[in-house]
Amino acid sequence: MNEIGRMFFLLIVLTVSLAGYFLVLNALFAHRLAKSQHIFEQSRARSFLLGLINLLFFAVLVVALFSMAERASGAVKTLLTLPALLIAGAMTASLGFGWAAVANVIAGRFFPQSPSWMKVVMGTVILAFGGALPFAGWFLLLPYTGFAGLGAFILGFFQKELKE
Amino acid sequence: MKHLTDDAINEYLDHELAEFDRSSLELHLAECAECTSHLEVLQEVFAQLSKLPEASLSHDLSSGILRSLPQPHALPPLIRLAAPFQAVLALLGLAITIPYAYEKIASSMTGIEFGFSLQPWFDLQMMGLNWWIVIKDFHLPALPGFTGFEFSDQILYLGLLACSIAWFIGNGMLLKDTRRNHP
C-alpha cells in the first residue's frame with residue numbers, strides 16, 4: 001500500500017511538472033505547437049510512421065555511439081559521447097513538443113470552451129494518467145502518442161504555413 | 001452636347017472623382033438622358049458582376065509562377081555550411097591559443113607591462129577542460145533492477161545499418177511532396 005501511495009505521489013508530481021513544462025512550451029512556441037497539433041489531427045498515420053522511424057533510428061544511433069564511447073578512451077570518448085548526448089537531448093525535446101501537441105489535441109476535444117492554460121493542464125493530466133495505466137498505457141498509449149506527436153513535430157518543419 | 005466618357009462614368013461609380021468634377025458630372029447627368037441611361041447600364045453590369053460566385057482554379061499556379069521567376073543568386077549550400085563551421089573552429093583555436101601566446105610574449109618581453117590580465121581567460125579554459133573531463137567520464141545512469149541487454153557489436157552495427165536504411169527510405173517516402181500535399 002505504501003508503495004502504491006508513493007507511486008501515486010510520484011505520478012502527481014510528474015504530472016504537475018509536465019503541465020508546467022507544456023505550459024511554457026505553449027507560451028514560447030505557440031506557432032510551432034499549433035502546427036504540430038494541426039498535422040497530428042490531419043495526418044496521424046503519417047505522423048506515427050515518421051515518428052517511429054526517426055525515434056528508432058536516433059535511439060539506435062545514440063546506443064551505438066555510447067557503446068563505442070564505452071570502449072574508447074581520451075578525446076575519442078568525448079567526441080563520441082558529446083554527439084550522443086546532443087542527439088538524445090534533441091530527441092527528448094522533440095518528444096516533449098510532440099506530447100505537448102497531443103495534450104492540446106486531447107484537451108481541445110474535451111474542453112473546447114475552457115481557457116487555453118486550463119486546456120493545457122487538463123490535457124496533460126489526461127495524457128499522464130492514461131499513460132500511467134499498467135501495460136496498456138506504458139506500451140500502447142504512451143508510445144503511440146509519442147511517435148505520432150514526434151512525427152507531427154518533424155512534419156511541421158517540412159510543410160508550408162497553415163492556411164488561415 | 002459633349003457626352004461623358006466611359007472612364008469618367010467608371011470613376012464616378014468608383015467614387016474616385018473630386019468633389020467639383022462629381023458635381024459637374026451630376027449636373028450633366030440631370031440634363032442628358034443618354035448619359036443617364038449609359039450610367040444605369042454600367043451600374044447594372046457592375047451589380048451583376050458582384051453577384052457572380054468566386055471562380056476557383058483547378059490547378060494552383062502559384063508554385064509554377066514562383067519557379068519561373070528569377071531566383072536570387074545564393075551561395076552553394078556547402079559554402080554556407082562551411083563558413084559558420086570555420087568561424088567556430090577559428091574561435092576555438094583562438095580561445096585555446098591566446099593564453100599560451102600571451103604567456104610566451106610576456107616572458108620574452110620582460111620588463112614590459114601589458115596592463116591587463118588573462119586570468120579570466122585561463123579560468124574559462126579550465127572550465128572547458130573540466131567539462132571535457134565530465135563528458136569523458138560520462139556513463140549512462142543504471143536503472144535499479146535492470147541489468148541491460150546483452151548484444152554483440154555485430155548485431156548493434158547491423159541494427160544501426162538496418163535502421164539507417166529504413167530511416168532514409170521512410171523519411172524519403174513520408175516527407176515526399178509534403179510541400180505540395182500539405183494536410
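Contact here means heavy atoms within 4.5 Å.

## Basis of the model

This is a predicted model, in which local features need pLDDT of at least 70 and side-chain atom pairs count only at pLDDT 80 or more, whereas totals for chains, interfaces and linings use all residues. Residues are numbered from 1 along each chain as its sequence is written, chains are lettered from A and ligands numbered from 1 in the order in which they are written, and side-chain values use heavy atoms, with hydrogens and water left out.

## Chain B

Among the contacts in chain B with a separation of 6 or more, 52% join residues 24 or more positions apart. The chain has seven helices and zero strands, in the pattern α-α-α-α-α-α-α along the sequence. Helices (H or I, at least four residues) and strands (E, at least two) are DSSP runs, numbered from the N terminus.

Of the 183 residues of chain B, 14% are buried; buried means under 20% relative accessible area, exposed over 50%, and partly exposed in between (1.4 Å probe, protein chains only). The accessible surface of the chain is about 15300 Å², with 67% of it belonging to carbon and sulfur atoms. Such areas come from the Shrake-Rupley method with a 1.4 Å probe, and for residues only the protein chains shown count as cover. B:Glu103, in helix α5 (residues 77–108) of chain B, counts as partly exposed because its relative accessibility is 48%. Its C-alpha lies 9.3 Å from that of B:Leu118, 15 residues away in sequence.

## Nonpolar cores

A nonpolar core is a set of buried Ala, Val, Leu, Ile, Met, Phe, Trp, Tyr and Cys residues joined through side-chain atoms within 4.5 Å. The largest has 42 residues, and those with the most contacts inside it include A:Phe22, A:Leu50 and A:Ile87. At least two residues each come from α1, α2 (30–42), α3 (44–71), α4, α5 and α6 of chain A and from α7 (153–174) of chain B. Helix α4(A) supplies the largest share, twelve residues. A second, separate core of eleven residues includes B:Leu17, B:Cys32, B:Cys35 and B:Leu39.

## Residues of chain A in contact with chain B

Setting aside neighbours within four places in sequence, A:Leu50 is in contact with A:Gly151, A:Ile154, A:Leu155, B:Asn171, B:Leu174 and B:Leu175. A:Asn54 lies in helix α3 of chain A and counts as buried because its relative accessibility is 4%. Residues up to four places away not counted, A:Asn54 touches A:Met91, A:Ile154, B:Trp167 and B:Asn171. A:Asn54 and A:Leu150 are 96 residues apart in sequence, yet 8.6 Å apart in space, C-alpha to C-alpha.

A:Ser67 also lies in helix α3 of chain A and, at 18% relative accessibility, counts as buried. Beyond its neighbours within four places in sequence, A:Ser67 is in contact with B:Asp153 and B:Leu156.

## The second largest pocket

The second largest pocket has a volume of about 590 Å³. On a 1 Å grid over the protein atoms alone, a pocket is an open set of points where a 1.4 Å probe fits, with protein on both sides within 12 Å along at least five of seven lines; lining residues have an atom within 4 Å of a point. Grid points are joined across faces, edges and corners, and the volume is the space filled by probe spheres set on the points.

Of the 22 lining residues, the closest to the centre are A:Leu11, A:Leu14, A:Ala128, A:Gly131 and A:Ala132. Helix α1(A) gives the most to the lining, ten residues. By class, the lining has 17 nonpolar, five polar and no charged residues; Ala, Val, Leu, Ile, Met, Phe, Trp, Tyr, Cys and Pro count as nonpolar, Asp, Glu, Lys and Arg as charged, and the others, Gly among them, as polar.
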